[in-house]
Each structure stands twice: as C-alpha cells, then as structure tokens.
Amino acid sequence: MVTIRLPEGLGKYCDGERRVSVSATTLGGALAELVSRYPSVGSRLFDSAGQLHVHLMVLCNERAVPGSELSSRELVEGDEVGLVFLAGGG
C-alpha cells in the first residue's frame, strides 16, 4: 500500500481523512484512486484540463515530483505521497 498525506484543506473533501491508503503502482494511479474514492476532491487537485493546480506540490517520500513525472512516476510498497499547498508571497 501507498499512503497519501493530505493537508487539512483537502482532507475535508475526503471525509476528514488526512491519510489515505491506496494500492496504485504509479503516482498518477494513486491520485486517480484518491479522486475515484472521493470525487469532490478532484476539482481541488486538477484544473479543467486535468493538470494539477499550480498552487499544489506533490511530494514522494518528502521529495518534490516535477509535474512532467506525475502520471508516470512509479511507486512501491510503503511509499508516502504528500500533497502540499504552495504559499504565495510578495
């Protein structure tokens, strides 16, 4: 199993869960399983073109995953995926 860690702002769309276990073998599959299980989180993760919203970052085992690798990045048993809101500044 792979664990997806969610910030509170996304967890509320996943029945309040902050950690969700999935059985996917790719990062894209893990996110798809999350959205399949909790459809209301989908529009909070992806835009109308299916791209990850620019204010989100995906981590795999605490390392940032480039957007170009989101669909193909392989996962193994015990991996931890984190979704993080990026803070704006000025």
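Mentor: Gladly, and keep in mind that this is a predicted model. Let's begin with threonine 3, which counts as buried at 19% relative accessibility.

Trainee: Why does threonine 3 count as buried at 19% relative accessibility?

Mentor: Buried means under 20% relative accessible area. Threonine 3 has 19%, so it counts as buried.

Trainee: Where is threonine 3 found, and what does it touch?

Mentor: Threonine 3 is found in strand 1. Not counting residues up to four places away in sequence, threonine 3 touches Arg19, Val20, Ser21, Asp79, Glu80 and Val81.

Trainee: And leucine 31: how do you know whether it is buried or exposed?

Mentor: Exposed would require over 50% relative accessible area, and buried under 20%. Leucine 31 has a relative accessible area of 3%, so it is buried. Its place is in helix 2. Leaving aside neighbours within four places in sequence, leucine 31 is in contact with Phe46 and Leu83.

Trainee: How far is leucine 31 from glycine 42?

Mentor: Their C-alpha atoms are separated by 8.9 Å, and the two residues are 11 apart along the chain.

Trainee: What makes a set of residues a nonpolar core?

Mentor: The residues must be buried, belong to the nonpolar kinds, and be joined through side-chain atoms within 4.5 Å. The largest such core here has 24 residues, and Ile4, Leu6, Leu34 and Leu83 have the most contacts inside it. Two or more residues come from each of strand 1 (2–5), strand 2 (19–22), helix 2 (27–37), strand 3 (56–60) and strand 5 (80–85). Helix 2 gives the most, with 4 residues.

Trainee: What does isoleucine 4 touch?

Mentor: Not counting residues up to four places away in sequence, isoleucine 4 touches Arg18, Arg19, Val20, Val22, Ala30, Leu34, Val81 and Leu83.

Trainee: Let's step back to the whole chain. How many helices and strands are there, and in what order do they run?

Mentor: The protein has 3 helices and 5 strands. From the N terminus on, the order is β-α-β-α-α-β-β-β.

Trainee: Why is the protein called as compact as a globular protein of its length?

Mentor: Its radius of gyration is 12 Å, and the globule rule gives 12 Å for 90 residues; the two values are close, so the protein is as compact as a globular protein of that length. The C-alpha trace spans about 40 × 30 × 25 Å along its principal axes. Buried residues make up 36% of the 90 residues.

How values were computed. Residues numbered from 1 in each chain as written. Predicted model: local features only at pLDDT ≥ 70, side-chain atom pairs only at ≥ 80, totals over all residues. Heavy atoms only, no water. Rg over C-alpha atoms; globule rule 2.2 N^0.38 Å. Buried < 20%, exposed > 50% of the residue type's maximum accessible area, 1.4 Å probe, protein only. Contact = heavy atoms within 4.5 Å.
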